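Reader: Could you walk me through this structure? I am new to it.

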Amino acid sequence: MSASVAPNSSESRTAQDVVVLESLTVQPDRVEARVRIDDPRYQFTTPELIADAVEEFPTLPHHTCRNAKGPTFGAVMDHTPLAHLVEHLVIDLQTHEYAAQHPEDSTAHQVVFTGTTQQSVEDPHVSIVRVSFRDDLIALAAFKKALHFINRTLAQPSAPEA
Ligand SMILES: [Zn+2]
């Protein structure tokens, strides 16, 4: 077994959080997260959640993505495992944060982050999200922000039509 950190252990976490980061392991070429989603209502994304996500992360639909429907995340994002959205939010956040924090690196905006999402074989409520990284602190922050965004958005009551 490799060493893991439990990023949530020192923080208060509300009981309503839909998505929980159980552990995050930094490997030489990947950051590997165990993402738990217990509530059966939230195993998959919805068009409403994705509309909010695209508003905040406009490049999300254009991510390259290996899936059965098309070459980009946009082809599947309206109905895909919620952990797959976590993966792409982390990639999006890393892409922008890395460029923002490394202005001296003129190729920073060209750095391509990649990832995979797989259901855990031993626990169907856990997904293993693996994402490439350049800076482990940026990767950790990206996972926290991605989960915070999803949990905050799912906790909001649907906005009434204006
Ligand atoms: Zn994907």
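**Packing around helix H3**

Author: The buried residues of H3 pack against E1, E2, helix H1 (47–56), helix H2 (82–101) and strand E4 (126–131). This is a predicted model, in which local features need pLDDT of at least 70, side-chain atom pairs count only at pLDDT 80 or more, and totals for chains, interfaces and linings use all residues. Residues are numbered from 1 along each chain as its sequence is written.

Reader: What do the labels H and E stand for?

Author: Helices (H or I, at least four residues) and strands (E, at least two) are DSSP runs, numbered from the N terminus.

Reader: Which residues of H3 are buried?

Author: Ile 138, Ala 139, Ala 142, Phe 143, Ala 146, Leu 147, Phe 149 and Ile 150 are buried in H3. A residue is buried if 20 or more other C-beta atoms lie within 10 Å of its own, exposed if 12 or fewer, and partly exposed in between, with C-beta atoms placed from the backbone.

Reader: And which exposed residues does the face turned away carry?

Author: That face of H3 carries the exposed residues Leu 137, Arg 152 and Ala 155.

Reader: New topic: in what sense do E1 and E2 pair?

Author: Strand E1 (residues 19–26) and strand E2 (residues 31–37) pair in the antiparallel sense, over seven bridges; pairing requires that DSSP finds at least two bridges between two strands. Leu 24 stands opposite Ala 33 in E2, and a hairpin of four residues joins E1 to E2.

Reader: Where does Lys 69 lie?

Author: Lys 69 lies in the loop between H1 and H2.

Reader: Is Lys 69 buried or exposed?

Author: Lys 69 is exposed, because 12 other C-beta atoms lie within 10 Å.

Conventions. Two residues are in contact if their C-beta atoms, placed from the backbone, lie within 7 Å.
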